[in-house]
Amino acid sequence: MGRTVAHKLIEDHLVDGRMEPGEEIALRIDQTLTQDATGTLVMQELEALGLDRAQTEVSVQYVDHNLLQTDEKNAEDHAFLRSACRRYGIWYSKAGNGVSHPVHMQRFGIPGKSMVGSDSHTPASGSLGMLAIGVGGLEAALAIAGEPVYLRMPEIWGVRLTGELPPWTSAKDVILDMLRRHSVKGGLNRIIEYHGPGVATLSAMDRHVIANMGAELGATTTVFPSDFAVLEFLRTEGREDDYREILADDDAAYDVTDEIDLSTLEPLIAKPSSPDNVVPVREVEGTEVGQVVIGSSANPGLRDFAIAAYLVKGRQASDALSFDVNPTSRQILADLTKMGGTFDLISAGARIHQAGCMGCIGMGQAPAVGHNSLRTFPRNFPGRSGTREDAVWLCSPETAAASALTGVITDPRSLAEKLGVEYPELPLPERSSVNTDMLVPPLPPEEARTQELVKGPNISDLPDMPPLPNEIEAPVLLKVGDNISTDEISPAGAKALLFRSNVPQLATFTFDRIDPTYPRRAKATEDTGHFVVGGDNYGQGSSREHAAITPRYLGLHAVIAKSFARIHWQNLANFGILALEFADPADYDRIDQGDVLSVRDLRDSLADHGELTIRNATKGEDYRLRHQLSPRQLEAVVAGGRIPMLARS
């Protein structure tokens with residue numbers, strides 16, 4: 001049987017393991033991506049690992065998330081990141097240069113290369129025919145140090161595209177359709193590979209939109225072929241020499257198959273508060289809106305801003321809402337301005353913010369309680385916007401712009417018909433306004449070794465992680481439901497993320513949006529530690545490893561859940577927390593918050609087989625649990641995490 005694009009990419013980078021679904025494999029990594037919300041810990045981990053210099057072909061640190069400087073903390077972290085890049089031989093993208101994913105695609109993405117990033121939307125670079133995987137910060141740090149990245153070999157999910165998108169629909173509607181059909185866990189332990197004649201109708205940046213939000217399906221990554229559309233993109237960026245054709249074989253065999261006729265799609269929207277809560281826009285037309293935000297890594301292309309500018313040109317946004325535009329890179333803003341689109345947006349009442357993630361991570365633009373916020377963003381998990389009781393909807397730029405004009409959710413097709421507006425052929429430039437002035441290259445090795453790390457008072461040392469106890473008797477401190485996100489475990493937003501490099505202080509926000517008493521109650525169990533019980537897909541969403549580190553700092557021994565999201569499952573193991581699954585999911589209902597659980601001979605039980613028994617001492621019941629940890633991961637958990645394990649080796 002022929003090979004898929006994903007199989008070719010994995011085979012080219014395989015250093016250990018068998019390419020059989022479920023088997024642990026190790027991959028050589030060519031590039032890494034880190035951003036400032038997760039990168040500070042990565043740089044602290046590089047220091048703890050004693051790294052001399054980055055061993056990858058390219059490693060880039062972006063400053064794109066925590067751009068608001070309401071006090072000194074973000075500025076201190078950015079100074080630390082710059083000094084770490086100078087010390088370890090890493091590219092540094094200055095604040096205001098743009099969001100990591102589109103900038104990396106424009107300046108560094110190369111077909112056929114492998115990349116990991118300490119950001120869950122790293123798979124966006126799969127749009128160029130790369131093997132790009134989101135991981136926790138420690139995985140990224142080890143990759144920078146030249147170590148392979150380990151993961152379970154995914155199934156390859158082939159999605160055949162046919163037809164062509166109708167007017168007033170776009171790539172966002174393709175990925176929203178996938179989420180509507182398959183849910184936020186539909187891609188778990190799978191690589192999504194798009195193929196078929198419909199792929200040729202999508203530009204490289206259209207593919208970025210789809211690949212980026214494959215993370216919301218829980219997929220390991222998303223890949224597209226490297227074809228003429230990729231060549232055209234690289235030519236626009238002045239990098240056509242980096243092109244390499246990578247296509248699936250004609251007789252390529254996929255583990256799972258699906259098909260979408262693009263011509264049948266219509267404008268879609270995800271209702272609050274999950275990316276898979278998707279309905280046609282026409283079903284919710286007329287719903288009042290208090291905010292519209294265009295931008296983010298999920299809709300980062302020049303085309304996405306230009307279509308919005310075209311629709312609002314010569315018109316005025318409704319006075320019932322705030323109309324916000326977050327440029328995704330300085331380069332894209334320059335091109336939009338040359339086209340006249342920036343003027344059209346400003347004239348329509350849009351507020352232009354700095355190039356960065358901004359409201360996507362709750363860093364400003366928090367909506368009012370009781371008011372709907374329409375966003376072209378990838379996620380709408382509860383509270384992620386920075387407002388605890390938020391109501392965030394996810395949509396395309398076309399739907400966002402139409403709704404900005406009317407003040408209510410509006411199908412762009414009906415508005416275009418009412419206004420007599422034809423769907424445009426946008427005059428995008430043949431050459432981008434390439435400007436690399438805000439990308440700072442690595443120092444030569446001799447000079448780099450003389451650099452000192454610049455640490456402000458808000459940058460703490462990584463906490464000590466003691467080994468896993470062999471016997472545990474501890475309470476269930478918290479019981480949560482399905483699809484708990486890492487935003488709910490360790491929140492984003494301007495208040496909490498100021499302390500991303502200060503673990504003791506950040507720990508005070510742990511589970512704040514679910515139970516603000518959790519940190520205080522955890523301190524009361526410091527002698528025994530505690531458990532957390534969860535439902536399906538525990539830890540979905542952001543790759544931020546803070547969601548493992550801060551509960552660990554507060555004494556969490558194990559999470560017992562029905563199932564786990566991939567990146568968080570790995571992060572738990574990296575920091576010495578057991579990820580255990582119910583052998584019988586019905587036992588989830590038998591455990592209550594406050595129950596005391598006990599387990600004996602834990603290390604032997606973990607090593608001997610994949611199952612163990614835990615006793616509910618409060619109710620006098622036993623439950624069978626299992627784990628899916630490899631021997632390598634078990635060694636790390638028992639040692640208290642990978643850093644303590646490496647320190648002792």
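Mentor: Let's begin with a term: a residue is called buried when its relative accessible area is under 20%. Keep in mind that this is a predicted model.

Trainee: Now for pairs of helices. How is the packing of two helices described?

Mentor: Two packed helices are described by the angle between their axes and the distance between those axes. Here, take helix H7 (residues 204-212) and helix H8 (residues 228-236): their axes come within 9 Å and cross at roughly 110 degrees. Angles of 65 to 115 degrees count as roughly perpendicular, so H7 is roughly perpendicular to H8.

Trainee: Which residues make the contact between H7 and H8?

Mentor: H7 contributes Ala204, Met205 and Arg207, while H8 contributes Ala229, Val230 and Phe233. By type, the residues of this contact divide into 5 nonpolar, no polar and 1 charged.

Trainee: Which residues have the most contacts inside the largest nonpolar core?

Mentor: The general idea comes in two parts. In soluble globular proteins, nonpolar side chains tend to be buried together. In this model, the largest nonpolar core has 55 residues, and those with the most contacts inside it are Phe531, Tyr538, Val559, Ile560 and Leu578.

Trainee: Let's turn to the loops. Where is Ser318, and is Ser318 buried or exposed?

Mentor: Ser318 sits in the loop between H9 and strand S16 (322-326). Its relative accessible area is 16%, so Ser318 is buried. A polar atom of the Ser318 side chain lies 3.1 Å from the backbone nitrogen of Ala320. Setting aside neighbours within four places in sequence, Ser318 is in contact with Ala404, Leu405, Thr406 and Gly407.

Trainee: And backbone angles? What is phi of Ser296?

Mentor: Phi of Ser296 is near 85 degrees, a positive value in a residue other than glycine. Ser296 belongs to the loop between strand S15 (291-295) and helix H9 (302-312), and Ser296 is buried, with a relative accessible area of 1%. Asn483, also a residue other than glycine, has a positive phi near 60 degrees. Asn483 lies in the loop between strand S21 (472-479) and helix H15 (486-489), and at 27% relative accessibility it counts as partly exposed.

Trainee: Which residues does a cis peptide bond join?

Mentor: That bond joins Pro272 and Ser273, with omega at about -5 degrees. Ser273 is in the loop between strand S13 (268-270) and strand S14 (278-280).

Trainee: One last stop: why does Arg648 count as exposed?

Mentor: The cut-off for exposed is over 50%, so Arg648, at 51% relative accessibility, counts as exposed. Arg648 is in helix H22 (residues 642-648). Not counting residues up to four places away in sequence, Arg648 touches Met465, Pro467 and Ala639.

Methods. Residues are numbered from 1 along each chain as its sequence is written. This is a predicted model: local features need pLDDT of at least 70, side-chain atom pairs count only at pLDDT 80 or more; totals for chains, interfaces and linings use all residues. Side-chain values use heavy atoms; hydrogens and water are left out. Helices (H or I, at least four residues) and strands (E, at least two) are DSSP runs, numbered from the N terminus. Buried means under 20% relative accessible area, exposed over 50%, partly exposed in between (1.4 Å probe, protein chains only). Axes are lines fitted to C-alpha atoms, for helices over the stretch in contact, and angles run from 0 to 180 degrees between N-to-C directions. Angles under 35 degrees count as roughly parallel, over 145 as roughly antiparallel, 65 to 115 as roughly perpendicular and the rest as oblique. Contact means heavy atoms within 4.5 Å. Ala, Val, Leu, Ile, Met, Phe, Trp, Tyr, Cys and Pro count as nonpolar, Asp, Glu, Lys and Arg as charged, and the others, Gly among them, as polar. A nonpolar core is a set of buried Ala, Val, Leu, Ile, Met, Phe, Trp, Tyr and Cys residues joined through side-chain atoms within 4.5 Å. A polar contact is a pair of N or O atoms within 3.5 Å; within protein, one must be able to donate a hydrogen and the other to accept it, and residues adjacent in sequence count only if both atoms are side-chain atoms.
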